[in-house]
Structure formats: structure tokens, C-alpha cells
Amino acid sequence: MSQIQPLTVDVLEQEALPAELPPLTAPAPKGRLRRAPLPQWVRLLLSNPKSRGGLIVLGAMIVVAVFAPLIATHDPNAFSLIDSRQSPSWNHLFGTTDQGADIFSQVVLGARTSLILGASAALLSTVLATTFGILGAYAGGWIDDVVNFVTNVFLVIPTIPLLVVVSGYLKTRGSLTMILIIGLTLAALEARILRGQALSLRNRDFVQAAKVAGESTPRIIFGEIMPNMVSRIAAGFVLVFYVAILTAAGLEFLGLGDMQHTSWGVTLYWAQVNSTVLQGEWWPFLFPGLALATTVAALVFILAGLDEVSNPRLRVERTHRRAWRSLLLGKGRT
Amino acid sequence: MRWFLRRLLFYVFALWVAVSLNFLLPRLMPGDPVGGVLAHLSPAQIQSNPGIVQTYRDLLGGGKGSLGSEYVKYLGHVATFDFGISTSNYPSKVTEVIGRTLPYSIALVGVAFLLAFVLGIAIGMVAAWRRGGIVDNFVVPAMMSLGAFPAFFTSLVAVYFLGLKAGWFPIQHAYDSAVTPGFNWTFISSAVRHAELPVLIIMFVYAGGWVLNMRTVMINTIAEDYVAMAHAKGLSDTRVMTRYAGRNAILPPLNGFAAQFATAVGGLVFIEFVFSYPGAGLTLQQAALGADYPLTQALLLVFAVTVIVANFIMDIANFVLDPRVRTG
């Protein structure tokens, strides 16, 4: 493979993910930012309004999760019939459940469970997907066949029903089991993306050179190929983080998660099972739902920012302001 | 034709994978699935159904035979659609339960998903055509946020505000409790009325993915020479957008149909749970909670087959729409 053909991305992969921007053409940061000891990709992310917004919201949610026991005002598992089914007030900011537990405290402490569950599952699947995706693409042969086979399985079997069925088989559903089954399921999806990217790197000169120089396979995978895929792996992690949080909360909402813990999905499950909506109570589902929606929206924005940073074509410069003006002042279409 | 055969072969392979995974899952799980199932039947019920224990063993494992011979027995049951009795719907057979609930789900997700596709493609096309315009700046972010939100949360909010507070839609079940299901106008109108809100929700939740996909591809397509050529010929803007740029841009998103449809089928579980809608999704959730493994096993297979069939239909559509596939 000559250097004239630097990008031999296969067609599927090209559609799935935009081509990467060569680091040389990235806009040089100016002034204050240059002195900040941040790696370039972090600065790029912060310079993009979408990912900046997403990072700020996610950061706030992480702060809430870390200091959850200090912020929570009540015992999240309190049982008190006198306090039950109260609408939001100063004492109970988000109201109370049918059992009289404080929903604000449940949401605050639930942030911890939901974020840890999502992040752990995402980490597990990213590690697996990176290792097996690149290994498959690089080694080829039966290893690649196995990786390909497993990812094809997940093309035809819908993830949520699969997870519902697997959770049904499990008698005890602890946090660790949840992380394992969600992480394993999502790893297959992520491996497909990373394998495609690694395939395009496999025949590049620097990889061939390392091979000829007698480098070991793990060294080529982790030392040569992986560093060139960092932005893709990061994007994959954010994507899986987003899916994992949703999936974990979703399974809990269906009553098939770790129901002993306080988490957003569990609060939503009890709101649904006690048919609070039908009784006109909006607070038991609105607040945990909003917390979940805000978190996943932040991750989606980070992802969109990552996309724009690596694919300048998707960026629209300064048209938002014009569109707002035309909408407000009615000065015709832009 | 060779292309067609190759796709067919892939789907046969996919089907085999789905069937085999369903065989392996209960056998890989810790514990004793058959014992869990039998615990939900009384001794009298087991007595009155001779052979039921053996059927469960063949399906879920725990028999004495080797894995190979069990696999053959299992395949026999699958081929004859014999999944035993659903413990949570005793004395109904698993196949009866599926036959009762699946039509609701197929109607719901089929209609809603097609609408989502049409809506998403149209919005994505217009957004790319007028970059930075009103659709691009307001409708696209709105659709994307809706798509990013968890479907069950959107459903809960819609049930509360549109159903309960505004009273525009019925919010529970698939038809009025006073109506008996049958092929008559009262039932059909009641069923349609009850499906309105779930269909709207699925449509808006899943249109977001199409919008984004279509917009991205369309932006690249607009830069193509043949689009400039069409403009130069003096064709109307709408005609260039739909017949030239749009028609070509639609193909890559169409290839993502498979993954999207699988996601929508999964999302159905949540939406049916929120609406207490008696479809296959709600049945799956109830069966999983109630350790009705014969039913969950069969339903997972049904979901997989649905996705495979939908993929196959999309392949045929692709075949019709894309001349390159036909000749290549």
C-alpha cells in the first residue's frame, strides 16, 4: 500500500463515521487557551459549542453524583404513610412517592448509581471492543471470523429484548451482573465500528514497518494501531456510555434491573407500577426522567461536537444567529 | 440474481444464529431454568399435561442427553412451533399467546416506523437543501433531542399531558374494555383510537435518527456534479432536490434501516409497558418478570425473525431503488 492512498476506509465504515481531520489543519488555538496544559483534542472539544455545553452539563451531573450524600435531604428509602404522595414543596423539593420517600433524594443519589453503572458498562465494552475489534482486523483469519460472527449476531437480535430475556433468566440481578450483561452486549456493537476503522489502518506503511521490524502482535495493536484511533475510541466510549445509561435505566424501569439500589430507573419503575401517572401525579416520573434525559442529552451533544471537530463539513458557521433573526424579525428566508 | 441468493443465504445463516442463541442462552445461565418454570405450575397442572416437563427440558436444558442430541430435540420443537405451555397464561400455549399479542405489535411498530422514515427523510432532505435555514436550525435540533430522549420518558410525559390532562388520547390498553375484539367497525375504530398516541410517539422518537443520517448524506450529495448539472438544465428547485439529490441520498440511510428497526422493536417493550398495551413487548416484560421462560424464549425468536424479515424486505426495496445493486 503506497502513501498516495492514505485512506482505504471501506465503504460501510465511511458512511458510519466521517473521515478524520489531519492534525496539521486543525485550527491553531490562540491566546489564553494555548497556555493551558490541556491536550489538543480537549481544547478542540471545548472550542466547539455543542461539546462544551454537553461537557458542562455532564460535569455538573458528576459533581451531584460525587457529593450525593451531602446534597440529599432525606432517606431515599423512607417509608411514611403520612408523607406519601405529596406534591413538590420546600420540604420535599421533588415531592414524595406512594411510600412517602423523598424523590429529590432519590434522584440525587440515583445519579450516582446511574452514572457508575453506565460508565462501568461503557468502559468494559470499550476495552473489549477495542481489543477484539483491532485484533480481529489485524490478525484476520479465524479470529476475525469469530469477531465478525459475534457482531453479526447482534445485527439480527434486538438488544433490548435480548437483555430483557437474559435478565429474566437471572435469579439475582446485582449491579455487577447488570454491568456485565450490558457491557458485553454493547461491546459487540462497538467492536463492529472499531473493526472497520482498524481494517483501514492495517495495511498502512507504519504498521507494515513495525511488523517487518519484528514487533509483537500486542505491541502493534496497542502501540501502533490504537494510538491512531484514539478519537474514534473516545467517540465510541461516549456513544456506548449514552446507550448504557439508557439501557440500564430502561431495564430498571421494566423491573428487570438491580431493584435494591436507588437509581433513576428504579424510581421510574415504582412510579409506573403504582400508576401514579393515571392518578394525576406528575412528580414521581418527571424528575427522575428529566435527570436521565438531561444526562443523555449532554452525551449526545458531546458526541455531535466530536463529529463536528473531526468532520468540518458538518459545521455550519454563524448561521444560527441569522436564522434566529429572520425568525424573530420575519426578514424572509436565509 | 447472484446478489439475491447471497442475501438469502445470509438471512438463513442469521436465522440459524438466532435459533442457536436461543438454545444456548438458558443453558449458559446459572441456576435451573426448568425448575423455575415448574415452580409456577401446581402439581395438578403438571399432572394434567403429560410430557410437559420433557418439552421444557428439551427447550431450556437440564435433560440428561448430550448437548448435540438436546440440540436436535430443540430444533424439532422449534420446527413444529411447539414451545409448550406459557405458565403465566395457563392453560394457553406459548404459540397461542404470541398469536394473540403479536398482531398488535406488528401493526403498531409497522405503521409508526414507516411514518418515522418518511418524516425523517423529508426533514433531513429539506434541512440539507437549505443549510442554516429554519428547518435546519429549529426542526432538526428539536427532532434530535426527541430522538435522544429515552422513549419511555417521552411516553410518560405524553400520557400525562396529552392523554390525562388534555384528554386528546386514550392512555391505556389497545381497545375499550367494553368492546370485544373481532373484525367489525366498533373494534377497529377503538383499536385505531388507542394506537394513535403510541404511534405518534414512536414516529417522533425514531424520526430523529433518519433526519441526521439523511442530512449528512444529502450535504455530500448536493456537492455532486450531477446536481449542479440538473440546476444548469434549469429544472425546478423541488425537482432537483427530490429527484436528483434526494433520490441518491436516500440509499445510505436505507442501509441503516436494519439497525434502526431492531432498535425500534426494542423500544416497543418500553412503550407497550407505559401504555399497558397488550402487544408482544409487554408480554415479554411480564414473562421475564414471572420466570415464564418458554414464552421469553419463543418471543426472542419472534423478535429476531421480525427483524430478519424486515431486513429482507428492505433489501428488496434497495434492489428496486438502486440500479447498481441490480447489475453489480
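**Where the chains meet**

Modeller: Across the interface of chain B and chain A, five residue pairs are in polar contact, both residues at pLDDT 80 or more. Keep in mind that this is a predicted model.

Biologist: Which helices of chain B supply at least two residues each to the side that touches chain A?

Modeller: They are H1 (2–28), H7 (134–148), H8 (151–165), H9 (185–222), H13 (257–275), H14 (280–289) and H15 (293–321) of chain B.

Biologist: Which one gives the largest share?

Modeller: H1(B) does, with nine residues.

Biologist: And how does that side of chain B split by class?

Modeller: It has 41 nonpolar, twelve polar and four charged residues.

Biologist: How many salt bridges across the interface of chain B and chain A?

Modeller: The rule finds zero.

Biologist: What area is buried between chain B and chain A?

Modeller: About 5100 Å². Carbon and sulfur atoms give 77% of that area.

Biologist: How many residues does each chain put into the contact?

Modeller: Chain B puts in 57 residues and chain A 56 residues.

Biologist: New topic. Where does Val140(B) lie?

Modeller: In helix H7 of chain B.

Biologist: Why does Val140(B) count as buried?

Modeller: Because its relative accessibility is 5%, and buried means under 20%.

Biologist: What is Val140(B) in contact with, leaving aside neighbours within four places in sequence?

Modeller: Ile123(B), Ala127(B), Val135(B), Val211(B) and Arg215(B).

Biologist: What separates the C-alpha atoms of Val140(B) and Gly124(B)?

Modeller: A distance of 7.5 Å, with the two residues 16 apart along the chain.

How values were computed:
Residues numbered from 1 in each chain as written. Chains lettered and ligands numbered in written order. Predicted model: local features only at pLDDT ≥ 70, side-chain atom pairs only at ≥ 80, totals over all residues. Heavy atoms only, no water. Contact = heavy atoms within 4.5 Å. Buried area = accessible area lost by both parts, 1.4 Å probe. Salt bridge = Lys/Arg side-chain N within 4 Å of Asp/Glu carboxyl O. Polar contact = N/O pair within 3.5 Å; in protein donor to acceptor, adjacent residues only side chain to side chain. Helix = DSSP H or I, 4+ residues; strand = E, 2+ residues; numbered from the N terminus. Nonpolar A, V, L, I, M, F, W, Y, C, P; charged D, E, K, R; others polar. Buried < 20%, exposed > 50% of the residue type's maximum accessible area, 1.4 Å probe, protein only.
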